[in-house]
Amino acid sequence: MPERPALALTVAERLIAPRIRRIVELESAAASRPGAVLASALSPERLDIMAEVLALGGRARPPGFPRALPSLLSSVKGIFESLVSLGDNPAGPAVEAPQDFFAVLEQRARRWGVSAIGYARLPRELVFKGKGVLHPNAVVLAMAMDRKRLARAPSPDTAVMVHQTYARLGRAANALARFLRRHGYSAQACHPLGGQVLYPPLGWLAGLGHRGPAGLLVTPYHGPGVRLAAVFTSIENLPLGRGGDPERVERVGEFCSKCGLCIDECPVGAVKRKPTPRPGSVGLVTCIERDKCLPYFAENHGCSVCIRVCPLGR
């Protein structure tokens with residue numbers, strides 16, 4: 001009889017692979033819509049973690065398998081919904097919102113479990129190559145992960161918790177997109193698992209945190225222990241800068257510049273002491289040595305040590 005993780009992987013591939021193919025088709029259709037914000041020549045490629053991990057073979061396993069499978073399937077369903085629901089957008093969407101509308105929007109988001117919310121304009125270089133979103137106006141969402149379960153990293157329980165957070169945040173992003181449509185605005189939810197854009201820099205632009213040494217968004221209240229998503233909308237008068245705490249974010253940056261614990265505690269020394277600027281890019285850097293990180297990540301439950309050891313997360 002096949003071992004249980006191998007059997008779970010076989011089941012997962014059979015259940016998920018057809019849906020992933022359909023999702024890629026829907027992403028291409030979204031990117032071909034008139035007025036879509038497309039990747040620039042400086043944009044990065046999206047990393048397909050599942051495919052990369054499986055390609056390693058040996059003891060490599062997608063994080064949390066087989067216990068994370070229900071949450072992973074929920075996330076795939078959420079991604080599918082985020083793309084299919086684009087057909088529900090109003091034909092002539094409103095482009096301006098009253099200022100008191102944002103307080104209601106933020107209240108709803110927190111009701112759905114969102115820990116922090118900010119607003120930003122999307123630079124094209126943050127859109128992954130071959131992808132696109134309907135609008136440059138971004139509502140950025142951060143959801144805190146469970147600290148007690150994060151403290152066990154690397155562990156199967158931590159990996160399962162991460163997948164559960166992805167699924168919950170994906171549901172919140174879709175709910176927020178539906179809320180915007182009910183009020184006459186166009187919206188596109190981008191799921192935290194995968195997504196069409198690079199989330200950490202978008203979080204920095206939204207004022208939700210600072211770039212940590214490992215390239216993660218480090219927030220004032222949860223450190224790097226958050227997952228990120230975004231909802232792109234037709235609303236052009238977003239309250240840019242609202243939702244963040246500039247003084248606290250600045251102090252986070254000062255702390256990170258002196259701490260370096262995530263660099264020192266990385267089990268394989270994958271966090272660069274000096275980030276490498278991406279060729280030709282404006283502001284994007286490489287913080288992780290992927291060839292060191294990915295194999296350990298794949299064999300050790302999705303690792304998360306750099307998140308666990310951050311004092312700001314505690």
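Buried means under 20% relative accessible area, exposed over 50%, and partly exposed in between (1.4 Å probe, protein chains only). The model is predicted: local features need pLDDT of at least 70, side-chain atom pairs count only at pLDDT 80 or more, and totals for chains, interfaces and linings use all residues. Residues are numbered from 1 along each chain as its sequence is written, and side-chain values use heavy atoms, with hydrogens and water left out.

**View 1. Salt bridge between Arg22 and Glu25.** A salt bridge is a side-chain nitrogen of Lys or Arg within 4 Å of a carboxyl oxygen of Asp or Glu. Here the N to O distance is 3.1 Å. Arg22 is partly exposed at 40% relative accessible area, and Glu25 is partly exposed at 46%. The two residues are three apart in helix α1 (residues 4–31), about one helical turn. Helices (H or I, at least four residues) and strands (E, at least two) are DSSP runs, numbered from the N terminus.

**View 2. Salt bridge between Glu27 and Arg46.** The side chains meet at 3.0 Å, N to O. Glu27 lies in helix α1 and Arg46 in the loop between β1 (37–38) and α2 (49–56), so the pair ties together parts that are 19 residues apart in sequence. Glu27 is buried, with a relative accessible area of 3%, whereas Arg46 is partly exposed at 29%.

**View 3. Salt bridge between Asp264 and Arg273.** The N to O distance is 2.6 Å. Asp264 is partly exposed at 47% relative accessible area, and Arg273 is exposed at 63%.

**View 4. Salt-bridge network of Arg67, Arg149, Arg152 and Asp157.** A search of the whole structure finds 12 salt bridges.
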